[in-house]
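Here is a short walk through one protein model. Keep the sequence and the 3D view side by side as you read.

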Amino acid sequence: MFNQLGVIGCGLMGGSFALALKRAGLVKRVMGYSKSPSTTERAKKLGVIDVAAESALLAVSGSDIVLLAVPVAATETTFKAIRHLVEPGVLFMDVGSTKRDVVDAARRVLRERIASFVPAHPIAGKEQAGIAHADPSLYAGRQVILTPLPQTAPDLVQKATDVWSAIGAQVLKMTPENHDAAFAAVSHLPHLLAFAYFSAVTNQPAGKDFLSLAGPGFRDFTRIAASNPEMWRDILVANREEVLKQSQRFRHALDALEHVMRNGNTDALEDLIRGAAEGRSQWQMGAPRTPSSKS
């Protein structure tokens with residue numbers, strides 16, 4: 001049981017976390033702050049938070065658990081705003097989709113206070129953002145990646161593990177570097193490709209006519225192209241080194257397919273397609289990692 005949760009960023013992620021802790025009986029009071037006062041007020045009216053804070057610092061004051069649910073590009077500014085109240089024993093977490101930049105910002109700003117910070121990335125979300133779509137079940141059955149540092153207090157790592165587990169999440173631990181490499185491959189690059197592919201179709205002279213013929217396959221493949229532009233701008237820039245590495249791997253795979261098509265090598269083309277098809281049919285979302293996986 002926590003006395004007070006401080007939420008900085010009362011959107012989908014922060015609001016859902018607050019509702020989940022409330023439903024599980026893990027917190028007595030929720031103090032919330034958002035850059036937009038109207039968002040904070042709506043969160044209060046919806047019962048997501050109990051008190052609207054006038055600043056990020058006031059949301060931290062008196063809290064024994066704090067969640068930073070802000071865009072990754074705003075993390076360093078947020079740390080600067082709350083640094084003086086980052087006290088030992090208080091659990092601070094974020095929900096950023098990249099971790100090395102967040103960790104670097106924490107090192108620069110928090111310094112010796114970094115022991116209180118447990119970087120986190122819940123693999124959860126909705127197509128609809130905003131506090132109106134906050135859901136206490138958002139994290140149930142989903143993975144949450146923790147990327148603690150050597151300086152992170154072990155008891156707070158355990159406390160973070162316990163609180164995410166208590167609201168139904170499966171907790172994994174990785175280094176920030178391995179986290180960013182993995183999610184460049186399975187999340188960030190797919191978004192980059194979806195943005196590029198949809199643009200390539202629509203920017204053709206007959207693009208609108210092509211779209212009128214598109215079916216479920218096109219819909220499913222391009223769904224993530226409708227993602228939040230500002231958020232994905234920040235993610236792709238923050239993790240650009242790893243995303244560009246994965247982009248090169250994709251180019252090699254695409255080149256291989258194009259090469260056998262140009263040569264009319266149907267057997268080789270079928271082999272490449274079969275390899276991908278069989279791998280995809282065997283894949284299960286959220287399946288445990290193999291023992292050889294890096295962590």
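This is a predicted model: local features need pLDDT of at least 70, side-chain atom pairs count only at pLDDT 80 or more; totals for chains, interfaces and linings use all residues.

H7 and H10 lie oblique to each other.

Two packed helices are described by the angle between their axes and the distance between the axes. Helix H7 covers residues 176–202, and helix H10 covers residues 229–238. Their axes come within 11 Å. They cross at roughly 120°. Angles of 65 to 115 degrees count as roughly perpendicular, and those over 145 as roughly antiparallel. The crossing of H7 and H10 is left-handed.

Which residues of H7 and H10 meet? From H7 come Ser 187, His 188, His 191, Leu 192 and Phe 195. On the H10 side they meet Trp 232, Ile 235 and Leu 236. The residues of this contact divide into 5 nonpolar and 3 polar, with no charged ones.

Now turn to the sheet. How many strands form it, and in what order? It is an open sheet of 3 strands, ordered E7-E8-E9, with mixed pairing. Strand E7 (120–122) and strand E9 (170–173) are the edge strands. Each of these two pairs on one side only. On average, neighbouring strands of this sheet are turned by 20° against each other, direction ignored.

Look next at strand E8, residues 143–146. E8 and E9 run parallel, and 4 bridges join them. Leu 146 stands opposite Lys 173 in E9.

Terms used:
Residues are numbered from 1 along each chain as its sequence is written. Side-chain values use heavy atoms; hydrogens and water are left out. Axes are lines fitted to C-alpha atoms, for helices over the stretch in contact, and angles run from 0 to 180 degrees between N-to-C directions. Angles under 35 degrees count as roughly parallel, over 145 as roughly antiparallel, 65 to 115 as roughly perpendicular and the rest as oblique. A crossing is left-handed if the near helix is turned anticlockwise from the far one by less than a right angle, and right-handed if clockwise. Contact means heavy atoms within 4.5 Å. Ala, Val, Leu, Ile, Met, Phe, Trp, Tyr, Cys and Pro count as nonpolar, Asp, Glu, Lys and Arg as charged, and the others, Gly among them, as polar. Two strands pair if DSSP finds at least two bridges between them.
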